[in-house]
Amino acid sequence: MKDNHFFAMMSRMKYINRWGLMRNTFKENISEHSLEVAMIAHALGVINNTMCGGSLNADRLALMGMYHDATEIITGDMPTPVKYYSPVIRNAYKEVESVARDELLEGLPEELRDVYKPLLLDTEEEKELWKYVKAADKLSAYIKCVEERRMGNMDFEKAGESILEIIKKMELPEVEIFVDKFLPAYEMTIDESR
């Protein structure tokens with residue numbers, strides 16, 4: 001990648017569509033998804049700090065959510081059933097993600113790379129925060145399933161059920177609070193939510 005192309009590449013997130021194996025009533029790209037993940041991750045941090053007695057860096061969670069799928073600019077969105085089909089595919093995809101991360105980082109001046117590197121892939125140093133970003137990612141996926149189902153698209157029914165099971169197994173109090181307090185509104189029309 002040429003020098004200083006990092007942000008131009010980030011702007012390409014809007015061209016990478018998600019849910020490629022599913023019939024969609026509306027397309028969702030990784031730019032839209034990443035904004036939603038950033039907002040939900042931030043909310044989980046705020047809930048942790050205000051309702052659960054924690055001290056998470058909610059602003060950092062938002063940043064991590066913004067960039068959590070950035071490598072998909074290069075790799076594309078690999079459908080979950082394919083990505084996790086076998087350990088061989090899963091490990092190969094992790095290697096591809098690592099190469100994509102390094103290529104994206106080469107698009108930054110050397111002085112900036114250490115700032116962006118931990119935003120592009122899970123790091124051991126921020127393992128605790130990445131749990132919340134992953135939870136936000138699952139919540140966003142579940143919300144997409146709810147929205148599609150509300151539009152009469154039953155292709156997302158089973159996906160929604162399995163994602164909700166994953167969310168419940170996370171056993172994070174902040175996620176449980178988000179599910180109880182905020183998810184029901186996604187089932188409502190705009191008139192019902194006023």
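Where in the chain is the place of Gly76? Gly76 sits in the loop that links helix 4 (72-75) and helix 5 (80-83). Keep in mind that what you're looking at is a predicted model.

**Gly76 and its surroundings**

- Gly76 has a relative accessible area of 19%, and the cut-off for buried is under 20%, so Gly76 counts as buried.
- Setting aside neighbours within four places in sequence, Gly76 is in contact with Ile16 and Tyr93.
- Then there's Arg18: 58 residues separate Gly76 from Arg18 in sequence, while their C-alpha atoms are 8.7 Å apart in space.

**Helix 8 against helix 9**

- A packed helix pair is described by the angle between the two axes and the distance between them.
- Here, the axes of helix 8 (residues 127-150) and helix 9 (residues 157-169) come within 9 Å and cross at roughly 150°.
- As for handedness, helix 8 passes helix 9 in a left-handed crossing.
- On the helix 8 side, the contact is made by Lys138, Leu139, Ala141, Tyr142, Cys145 and Arg149.
- Helix 9 brings Glu157, Ala159, Gly160, Ile163, Leu164, Ile166 and Ile167 to that contact.
- Sort the residues of this contact by type and you get nine nonpolar, one polar and three charged.

**Arg60 in helix 3**

- Arg60 belongs to helix 3 (residues 58-67).
- With a relative accessible area of 18%, Arg60 falls under the 20% cut-off and is therefore buried.
- Not counting residues up to four places away in sequence, Arg60 touches Pro118, Leu119, Glu126 and Leu129.

**The largest nonpolar core**

- In soluble globular proteins, nonpolar side chains tend to be buried together.
- In this model, the largest nonpolar core has 46 residues, and the ones with the most contacts inside it are Phe6, Met10, Leu44 and Leu139.
- At least two residues of this core come from each of helix 1 (6-10), helix 2 (30-51), helix 3, helix 6 (87-105), helix 7 (110-120), helix 8, helix 9 and helix 10 (173-181).
- The top contributor is helix 8, with twelve residues.
- Beyond residues up to four places away in sequence, Phe6 touches Tyr67, Leu104, Gly107, Leu108, Tyr116 and Leu120.

How values were computed: Residues numbered from 1 in each chain as written. Predicted model: local features only at pLDDT ≥ 70, side-chain atom pairs only at ≥ 80, totals over all residues. Heavy atoms only, no water. Helix = DSSP H or I, 4+ residues; strand = E, 2+ residues; numbered from the N terminus. Buried < 20%, exposed > 50% of the residue type's maximum accessible area, 1.4 Å probe, protein only. Contact = heavy atoms within 4.5 Å. Axes fitted to C-alpha atoms, helices over the stretch in contact; angles between N-to-C directions. Left-handed = near helix turned anticlockwise from the far one by under 90°. Nonpolar A, V, L, I, M, F, W, Y, C, P; charged D, E, K, R; others polar. Core = buried A, V, L, I, M, F, W, Y, C linked by side-chain atoms within 4.5 Å.
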